[in-house]
Amino acid sequence: MHGFTTMFNRKQDSSDTRRMPHGSPVASGSQMNGIIRPAYVIDRYAAYYPMNHKHRGMALIFSHNKYNVRNITLPMREGSAIDSKRLKETLELFKFDVKLYQDFKLEEIKTTLGQVSSMNHSDSDCILIAILTHGEDGDIVYAYDDLYDLSLVWSFFTADNCPSLAGRPKILLIQACRGNRLDHGVKVQKDGVARYSIPTHADFLFAYATIPGFMAFRNTTEGSWFINELCKELQENGHKYDLVTLLTFVTQKVAYDHESVSNVPEFNMRKQTPCIVSMLTRLLLFNVV
């Protein structure tokens, strides 16, 4: 599918997709007999997540620019370094402890996630994980040397596998294609103290660059549309609106302000819509620190 990427000129838009073979690894985690012991308990119906802990939390960025996957040819992700730099600088403004992992192999990703999930996050507000890579249908993404399912990432941080983050926001940003389909667009004319159980999969927020089955675009000199608009929105309004509201505005900007540019007609003047999946149980507002 990626023969077309060689036909894109500089300053044009590429995509983060690659045809996928069947089969992928899936993460597994230990169980704790169904007993969750969160590091803190707040009022059951509190409107906002507490964001006044000693630390904001860790932000892990797994950025991929080149690949060496057996029997699969993946093009370099030109513009990825711009995304990584911009995202790192933006998250540091919000006092995240940012760790950038460049072109990690699958086993290195697993090891890193395992180490972080086993840490004590009691003094942290939240955790954020960003995956910048090629992707396919079914939440399949690529490490340097292999493909994997995104469940490998988030399953490390469910409440049973990472109790110190139970009840706290776990944010995943995914800049990757989710299939090979293209969006042609349409022209619009105008005229605390309570005790209660916590589901193991609560408090996750997934922000995908595109909807299932479709491509995500990345400008070779300006970076990806999604990460670019996300960083802009965070910098301008990150302390004003809650994160889901911010991501709604990011979706608006990507959907309305961007259109692909390519010498290949099939990939020219195409659109993209980010996809936000929230299991948050409260509003997430980054306080000024």
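## Helix 4

Helix 4 is mostly covered, with 10 of its 13 residues buried. This is a predicted model. The buried set runs Trp225, Phe226, Ile227, Asn228, Glu229, Leu230 and Cys231, then Glu233, Leu234 and Asn237.

Helix 4 covers residues 225-237, and at 1.5 Å a residue its 13 residues should span 18 Å. Its end C-alpha atoms are 18 Å apart, which agrees.

## Aromatic pairs

The count of aromatic pairs comes to 11. One of them joins phenylalanine 96 and phenylalanine 286. Their ring centres are 5.8 Å apart and their planes meet at 75°; planes over 60 degrees apart count as edge-to-face, so this pair is edge-to-face. Phenylalanine 96 is buried, at 5% relative accessible area. Phenylalanine 286 is buried too, at 4%.

Tryptophan 154 and phenylalanine 206 also form an edge-to-face pair. Here the centres are 6.5 Å apart, with 85° between the planes. How exposed is tryptophan 154? Tryptophan 154 has a relative accessible area of 23%, so it is partly exposed; buried means under 20%. Phenylalanine 206, at 7%, counts as buried.

Trp154 and Phe206 belong to a cluster.

How values were computed. Residues are numbered from 1 along each chain as its sequence is written. This is a predicted model: local features need pLDDT of at least 70, side-chain atom pairs count only at pLDDT 80 or more; totals for chains, interfaces and linings use all residues. Side-chain values use heavy atoms; hydrogens and water are left out. Helices (H or I, at least four residues) and strands (E, at least two) are DSSP runs, numbered from the N terminus. The expected span of a helix is 1.5 Å times one less than its number of residues. Buried means under 20% relative accessible area, exposed over 50%, partly exposed in between (1.4 Å probe, protein chains only). Rings of Phe, Tyr and Trp (its six-membered ring) pair if their centres lie within 6.5 Å; planes under 30 degrees apart count as stacked, over 60 as edge-to-face and the rest as tilted.
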